[in-house]
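I opened my notebook to look up two things.

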Amino acid sequence: MRNLENIKGSRVYGRRQGVALSASRQARLDKWLPQIEITVSEQRPLLAPESYFDASLKDHWLEIGFGKGEHLAAQANSHPDIGMIGCEPFLNGVSGLVDLVDQENLANVRIFMDDARLMMDSLPDSSIGRAFILFPDPWPKARHHKRRIVSAGNIMVLSRILKDGAELRIGTDHMEYCRWIMAHMMENPDFIWYSDSPEDWRSRPADWSASRYEIKSLEGGRKSSYLRFIRRPR
Ligand SMILES: C[S@@+](CC[C@H](N)C(=O)[O-])C[C@H]1O[C@@H](n2cnc3c(N)ncnc32)[C@H](O)[C@@H]1O
């Protein structure tokens with residue numbers, strides 16, 4: 001079941017554009033976006049992720065709010081047989097990922113330049129093999145909590161689009177948001193927290209490369225939590 005209620009009147013909070021792009025970065029966007037940008041529409045039927053890629057791929061993974069794209073590009077590089085779909089409304093971030101696609105010649109990346117909830121809502125049930133939400137904006141003030149991307153409604157949508165046994169990875173360096181994420185994830189019976197010992201969430205797994213935000217956070221002396229949840233088989 002689609003959850004259009006979830007995105008009705010939705011808006012992206014935060015910046016869509018920062019500093020003006022240099023001519024060379026703009027040229028790379030102009031070259032790449034027509035080839036790798038995804039658009040979705042509420043009107044058409046749900047589109048399987050494979051429809052966005054030229055080649056037939058083993059699986060399709062989704063990253064929500066990829067920032068400048070370092071983590072997404074690293075995953076695309078080490079998994080050329082996986083189609084990576086990234087959602088990011090911030091133009092300068094999209095330009096960062098496009099630069100990496102250009103430098104590393106990544107054929108398995110597609111970009112949705114808008115609110116990830118629109119992308120999620122356009123995907124069929126059980127179509128995504130792994131999802132990443134890395135260092136989402138914590139919106140620390142109580143009156144802004146409703147802006148948090150990790151919410152009961154968005155978890156329901158993730159539960160719908162993730163395949164049985166698929167992993168959802170969420171990273172955060174914000175203790176209160178971490179507690180919020182755990183509480184909301186545990187409230188949804190479709191997910192199992194993948195953790196046998198504190199080491200499982202205190203250290204970043206080897207196949208989870210650091211994102212730009214995480215590196216800044218480490219440099220600032222903050223500790224992060226690396227949360228992994230498994231979509232319970234239906
Ligand atoms: C704190 S940054 C983290 C960026 C990146 N994941 C990292 O770890 O470096 C949060 C990102 O989420 C993006 N974002 C916020 N709301 C979003 C939404 N509704 N859909 C997709 N991306 C969103 C922001 O533009 C921003 O780039």
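I noted before anything else that this is a predicted model.

Entry one: the ligand's place. I looked up where the ligand sits, and it is in the largest pocket. I then listed the residues around the ligand and found 17. Among these, G65, E88, A116, L134 and S211 come nearest. I sorted the shell by class. It has nine nonpolar, five charged and three polar residues.

Which backbone atoms lie 2.9 Å from a ligand atom? I found a backbone N or O atom of A116 at 2.9 Å from a ligand nitrogen. A backbone N or O atom of Y213 is 2.9 Å from a ligand oxygen. For G65, I read 2.8 Å between a polar backbone atom and a nitrogen of the ligand. Next I checked the ligand's surface. Alone, the ligand exposes 590 Å², and the protein buries 87% of that.

Entry three: aromatic pairs. I counted three in the structure. I picked W208 and Y226, with ring centres 5.3 Å apart. Why is this pair edge-to-face? Their planes stand at 90°, and over 60 degrees counts as edge-to-face. I also looked up where the two residues lie. W208 is in the loop between helix 7 (199–202) and helix 8 (212–219), and Y226 is in strand 8 (residues 225–231), so the pair ties together parts 18 residues apart in sequence.

Terms used
Residues numbered from 1 in each chain as written. Predicted model: local features only at pLDDT ≥ 70, side-chain atom pairs only at ≥ 80, totals over all residues. Heavy atoms only, no water. Near = heavy atom within 4 Å. Polar contact = N/O pair within 3.5 Å; in protein donor to acceptor, adjacent residues only side chain to side chain. Areas by Shrake-Rupley, 256 points an atom, 1.4 Å probe, with all protein chains shown as cover. 1 Å grid on protein atoms, 1.4 Å probe; cavity = no way out; pocket = protein on both sides within 12 Å on 5 of 7 lines; lining within 4 Å. Sits in = over half its atoms within 2 Å of the grid points. Nonpolar A, V, L, I, M, F, W, Y, C, P; charged D, E, K, R; others polar. Phe/Tyr/Trp six-rings, centres within 6.5 Å; stacked < 30°, edge-to-face > 60°. Helix = DSSP H or I, 4+ residues; strand = E, 2+ residues; numbered from the N terminus.
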